[in-house]
Amino acid sequence: MRERSRILIVEDNEANQMLTRAVLELEGFEVEVAGSAAEALEEIEEHRPDMILMDVQLPGQDGLSFTKELKRDPAYATIPVVALTAHAMQGDREIALSAGCVGYIAKPIDTRTFGAAVSHFLGMAGGDRRVAAQ
Ligand code: MN
């Protein structure tokens, strides 16, 4: 069993990729990044993540439609997905939940609380893997 939780960030914006990766690595997570749904699927098949952070707006297939696809696949349905959305609008949470996400985090992310939010969603998902760094 891995000691550190593995997080897959699906995000096409390079600055957001770097920021989210840096914050989560500092928190002790193992981090992989994919820039599209197609890249993410390869990554999921190769290194099954403990959680996926899913940008809603991606080039090609959008994040929520990709999430629905993952949730229909018994091989991947149990991996918790948290939406990353730039639209902090009322109703976004419901849209994300109805796509199968366990919740969402609004962008721009708050670097002081982002790691705790990710840990919270991992705990909700009942993962037995915990962040090793303290
Ligand atoms: Mn995007």
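Start by selecting Leu 8, Val 10, Ile 44, Ile 52, Met 54, Phe 66 and Leu 70: these have the most contacts inside the largest nonpolar core, which has 20 residues. (A nonpolar core is a set of buried Ala, Val, Leu, Ile, Met, Phe, Trp, Tyr and Cys residues joined through side-chain atoms within 4.5 Å; buried means under 20% relative accessible area, exposed over 50%, partly exposed in between, with a 1.4 Å probe and protein chains only.) Strand 1, helix 2 (37-46), strand 3, helix 3 and strand 4 (81-85) each give two or more residues to this core. Helices (H or I, at least four residues) and strands (E, at least two) are DSSP runs, numbered from the N terminus.

A second, separate core of 16 residues includes Val 23, Val 31, Ile 109 and Leu 122.

By the way, this is a predicted model: local features need pLDDT of at least 70, side-chain atom pairs count only at pLDDT 80 or more, and totals for chains, interfaces and linings use all residues. Residues are numbered from 1 along each chain as its sequence is written, and side-chain values use heavy atoms, leaving out hydrogens and water.

Next, click the manganese ion. Which protein donors does the manganese ion have? Asp 12 (OD), Asp 55 (OD) and Gln 57 (O) lie 2.1 to 2.2 Å from it. (Donors are N, O and S atoms within 2.8 Å of the metal, or 3.2 Å for Na, K and Ca; water is not among the atoms, so sites may look incomplete.) Asp 12 sits in the loop between strand 1 (6-10) and helix 1 (14-26), and Gln 57, 45 residues apart from it, in the loop between strand 3 (51-55) and helix 3 (63-72). Asp 12 is partly exposed at 37%, and Gln 57 is partly exposed at 48%.
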